Amino acid sequence: MNHLEPASQSRQQQIFTVTRLNSAVRMILEQDLGLVWLTGELSNLAMPSSGHWYFSLKDMSAQVRCAMFKGNNRRVPFRPQDGIQVLVQARVSLYEPRGDYQLIIESMQPAGDGMLALRFEELKRRLGAEGLFDEGRKRPLPREPRAVGLVTSATGAALHDMLTVLERRAPDLPVFIYPTQVQGSAATAQIVSAIMLANRRAEVDVLIVGRGGGSLEDLWCFNEEAVARAIAGSAIPVVSAVGHEVDVTISDFAADLRAPTPSAAAELVAPDRSTRAQRLVHLRQRLTQAMSRHQVAARHGFVLLQKRLDHQDPKRRLEQQSQRLDELDRRLQQHLRDRLHQGERRLAGLAMRLQARSPEKRLAIGKRRHQLAEERLHALIAKRQDLARHRLAMLGARLDGISPLATLGRGYAIVRTPSGEVIRRASQVNAGQTLITTLAEGALRVRVDEVDNR
């Protein structure tokens with residue numbers, strides 16, 4: 001028995017439950033590998049209402065499940081989507097209920113173009129908040145520039161395109177080229193230096209800063225903060241002409257005007273030869289019209305001065321003053337007549353009011369009111385008397401209807417004892433008793449001989 005116990009204990013120590021095994025593997029993975037960086041393509045992205053994210057990272061030949069809890073994904077500065085490349089920092093772990101190997105994502109950022117796009121949006125937001133892109137800072141381009149400056153590559157196709165357009169539209173317009181790299185790590189500093197050089201020389205009226213098309217990395221020097229600040233700080237108006245029409249850079253926002261292509265920028269800054277000729281004709285017409293208006297105004301001013309001189313003549317002024325005196329006298333007389341008429345009308349009104357308030361008139365009115373009241377009183381008394389007589393007659397008729405005398409008049413009599421008691425039953429009377437009988441006319445004193453109680 002003693003020899004068997006160690007073997008049994010050894011077998012028991014090697015037996016794992018599934019839960020214990022998964023837990024042990026999870027701890028090994030998390031402790032041994034720790035945090036790792038890896039890049040891959042997002043797929044099967046799910047964002048349930050809990051706020052956690054679940055997705056897979058894959059490359060050409062493998063994939064791994066991932067989970068990013070809401071405490072960490074709140075710090076992700078972009079909106080993840082299936083198919084984009086990302087760079088993540090994660091802990092290698094195991095989902096114990098299913099035994100699935102997975103990554104717990106701590107941080108995420110775009111990889112490649114995604115990172116550049118994120119940098120683009122962050123710089124655009126920051127410079128925009130500073131007011132670097134405000135429309136109020138934009139300056140209009142000169143209508144007739146004396147000279148045009150080109151900040152671009154000396155060997156690029158963009159330079160050839162711009163020179164061709166400028167030669168066609170304005171062959172006599174001077175063009176100054178400030179050559180610079182437009183791609184690579186050294187391009188940013190060279191573009192800034194070229195813009196500053198053009199400002200120091202002050203030999204052009206407008207600058208075109210740009211290049212031809214390319215990838216986002218190729219155009220990135222025009223998304224650098226230094227280039228944007230150099231364009232915004234230029235004393236010379238700047239046209240940004242980077243890439244094709246669909247390409248948008250930070251320089252486009254900082255410039256005074258954005259052109260979709262370098263050729264379009266040359267079209268914008270150089271006046272067309274026929275347009276200039278038309279403008280000269282228009283200016284000549286405006287000059288002729290201005291001279292004509294000036295002559296008309298001079299003649300009109302002369303006439304006004306002549307009239308003023310005539311008005312200053314002493315004889316004319318005396319005549320005007322005499323005429324004005326007559327006018328004032330007429331107005332004074334009219335004013336006096338108006339005031340007199342007003343006084344008369346007011347006096348007549350007061351007389352009428354006084355007459356209306358005369359004691360004799362008020363006494364006559366009072367007498368008339370008294371007479372009317374007396375007539376109304378007599379009429380009311382007569383009416384009340386008639387009503388009283390009528391009511392008395394009605395009451396008399398009703399009284400006659402219920403009077404005992406009327407009953408006596410039909411042959412009935414009232415029998416009383418000498419003490420006044422009315423006899424209603426024979427039992428109230430005794431034989432030999434004296435009674436008083438009241439008739440309709442008069443009364444009888446009778447003596448009872450016999451009483452019949454039946």
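The model is predicted, and local features need pLDDT of at least 70, side-chain atom pairs count only at pLDDT 80 or more, and totals for chains, interfaces and linings use all residues. Residues are numbered from 1 along each chain as its sequence is written, and side-chain values use heavy atoms, without hydrogens and water.

**Cysteines and a serine**

How many disulfides does a search of the whole structure find? The answer is zero. A disulfide here is a pair of cysteine sulfur atoms within 2.5 Å.

Buried means under 20% relative accessible area, exposed means over 50%, and partly exposed lies in between (1.4 Å probe, protein chains only).

| Residue | Relative accessible area | Class |
|---|---|---|
| Cys 66 | 3% | buried |
| Cys 221 | 5% | buried |
| Ser 153 | 14% | buried |

Where does Ser 153 lie? Its place is the loop between β6 (148–152) and α5 (157–169). Helices (H or I, at least four residues) and strands (E, at least two) are DSSP runs, numbered from the N terminus. A polar atom of the Ser 153 side chain lies 3.5 Å from the backbone nitrogen of Gly 156. Ser 153 is also in contact (heavy atoms within 4.5 Å) with Leu 159, Thr 180 and Val 182, leaving aside neighbours within four places in sequence.

**Pocket and cavity**

Rolling a probe the size of a water molecule over the atoms shows where empty space is left. On a 1 Å grid over the protein atoms alone, a cavity is a set of points where a 1.4 Å probe fits but cannot get out, while a pocket is an open set with protein on both sides within 12 Å along at least five of seven lines; lining residues have an atom within 4 Å of a point. Grid points are joined across faces, edges and corners, and a volume is the space filled by probe spheres set on the points.

The largest pocket holds about 280 Å³ of space. Its lining has 15 residues, and Tyr 54, Arg 65, Cys 66, Arg 98 and Gln 102 lie nearest the centre. Two or more lining residues come from each of β1 (35–46), β2 (53–58), β3 (63–68) and β5 (100–110). β5 gives the most, with four residues.

The search finds one cavity of 30 Å³ or more. The largest cavity has a volume of about 50 Å³. Among the residues lining this cavity are Arg 137, Lys 138, Arg 139 and Asp 256.

Terms used: A polar contact is a pair of N or O atoms within 3.5 Å; within protein, one must be able to donate a hydrogen and the other to accept it, and residues adjacent in sequence count only if both atoms are side-chain atoms.
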